[in-house]
Structure formats: structure tokens, C-alpha cells
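Let's take a walk through this structure together. Have a look at the sequence and the model first, and then we'll start from the inside.

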Amino acid sequence: MQKNISVIISTYNSVEWLKKVLWGYNTQTYKEFEMVIADDGSREDTKQMIDVMREEVSYPIIHVWHEDNGFQKSQILNKALLACTTDYVLMSDGDCIPRPDFVEQHIKFREEGYFLSGGYHKLPMELSKSLSKEDIYSGRCFDVDWLKKNGMATSFKNNKVDAMGVKSAILNMVTTTKPSWNGHNSSGWIKDIKAINGFDERMQYGGQDRELGERLVNLGIIPKQIRYSTICLHLDHPRGYATPESINKNRSIRKVTRTEKRKWTDYGIVK
């Protein structure tokens, strides 16, 4: 059957985390999606794991890879966008395990002229490490009581993990936040993303996803916040690529995008 949504997952040398994420997509209630893995130059063991997982999971996997040349996430995401075979894309990361209704909720809320901004819930490192295939396939990793027994702190944010239906709708309304394109959990029409020329490839870690969203808004695309309706569990990990230089550089690019209301980048898909 023809797929009607592409899921882009970014990764870099995180085999164990990515495997957990791929298991999560194998639990999805909505099946008509393709997986496009945007691989920013990982070692051979990532490809080997993906080849094994292709035999286990129910969805097709397209593996887009380029040579390791430092943090080039924006570039590999643009290449992954070109590899998609559908007209709608959901973007997340290789450290974010989707709730079983994750893709279904993006399909439910998608609408012409809009992009969707979902939520995530971060797990502590030890719990991130200990989550097993059975924890994911059984769905107990989205049981708040089970998570708290296994090291997750008590917090109002825990409501994100299992909020559904009326509860999620109410929480979306009362916990106001500015909707933005976030790399963990956002979706939109590929034609809209191509109309702004994709990601700005000058940008490294620190806001390249937000800048893309700001250009979509400048184009007239309306952001819709659904962070309590579609949730992923964000696994913890070190971030050695987050440097003050890259963050400051990205802030200056974003400032120009906002002040000049830019819709297009000259450093995107089309060079």
C-alpha cells in the first residue's frame, strides 16, 4: 500500500539509542509510513544494525548517509527530505522513542497551511540505558507509575507521557507555549519546506530547527501546538557538539531571519 507520511530520524553513532527508537516505530497504531534515517556520517555498525532491523520491523527504511565531516545535521536532513517519497514529513531524532499513537496523531492533526509542533519528555540517563525491547514493545515505558518506579522524578511534566483524548486537548490549551518547529517532534508538508529551501546548512547545533520554523511562519504557514497529543521519550546522552561558537553563530542567523522576515535561505536544498 502507498505510504502517505515519511518519518525522518536523524542519527550519528548512537546504535543502541537508534535501535530503541526503531522498536518504538514498530509499535505504531498507524502503519502507512516510511522511515528515512538521516545519518550524519555514522560508522559501519549503524548500517549493519539498520540492515538487521529491516528484517524485524513492518515499515520500509531508507538509509541516507554522507561522510563524517563534523556536525552537518542540517545538510543530511536536506538530503533526507529529497529521499522522501510522500508529500508529508514528520521529523524526530534517533534518541526519541515514539508513543504508539505518535504517527497517528500527526496524521489526525495535519492540515494544509499548517505545521505541527509536538512534545517530548526527557528521561534520566540510567533509565535511558536500561529501557529494553520488551519495555518498548509492551508499552510499559509509557506508564508513568512504571517510569517513576524505575527512576523518573515526579513532575507536572509527567502528564505529557500518557495524556490522551480530552486530557491532552485541555492541557494543550491551558499550558500555553509558543509553537515552533522542534527537531524532536514536528511535521509539515514537504512542499512548504521546499518553498523555503529546507534547512540552512550554515547552521550547526543550536536552533537550526527553530530557524526553519521561523521561515515557514514568514511564508504564512501557521504553527499548531499539540505537545500533549503526540509524545516521544527523549533518551539522555552527552552533547559534545554543543559549542558556544556554533550556538552564537546560529543565533545571529536566526536574528536576521526574524528581523528581515526571510522566507528563503541561499544555503539550503538549492545552492
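Which helices and strands each supply at least two residues of the lining of the largest cavity? They are β1, α3, β4 and α11. Keep in mind that this is a predicted model.

Strand β4 gives the largest share, three residues. Sorted by class, that lining has four nonpolar, four polar and three charged residues. How does one find such a hidden space? Rolling a probe the size of a water molecule over the atoms shows where empty space is left.

Now stay with helix α3, which covers residues 73-83. Its buried residues are K73, S74, I76, L77, N78, A80 and L81. An α-helix has 3.6 residues a turn, so residues three or four places apart point the same way.

Next, find a group of three strands that form an open sheet in the order β5-β10-β7, with mixed pairing. At its edges sit β5 (96-98) and β7 (119-122), each of which pairs on one side only. From one strand to the next, the twist averages 30°. Strands β7 and β10 (residues 231-234) run parallel and are joined by four bridges. Follow G119 across to β10 and you'll reach its bridge partner, I231.

G119 also leads us to the second largest pocket, where G119, Y120, H121, K160 and R227 are the lining residues nearest the centre. There are 22 residues in that lining, and β7 supplies the largest share of them, four residues. The second largest pocket holds about 350 Å³ of space. Its lining counts six nonpolar, 10 polar and six charged residues.

Finish with G139, in the loop between α6 (133-138) and α7 (144-149). Is G139 buried, exposed or partly exposed? With a relative accessible area of 25%, G139 counts as partly exposed, because that label covers values between the 20% and 50% cut-offs. Its C-alpha atom is separated by 30 Å from that of Y114, a residue 25 places away along the chain.

Notes. Residues numbered from 1 in each chain as written. Predicted model: local features only at pLDDT ≥ 70, side-chain atom pairs only at ≥ 80, totals over all residues. Heavy atoms only, no water. Buried < 20%, exposed > 50% of the residue type's maximum accessible area, 1.4 Å probe, protein only. Pairing = 2+ DSSP bridges. Axes fitted to C-alpha atoms, helices over the stretch in contact; angles between N-to-C directions. 1 Å grid on protein atoms, 1.4 Å probe; cavity = no way out; pocket = protein on both sides within 12 Å on 5 of 7 lines; lining within 4 Å. Points joined across faces, edges and corners; volume = space filled by probe spheres on them. Nonpolar A, V, L, I, M, F, W, Y, C, P; charged D, E, K, R; others polar.
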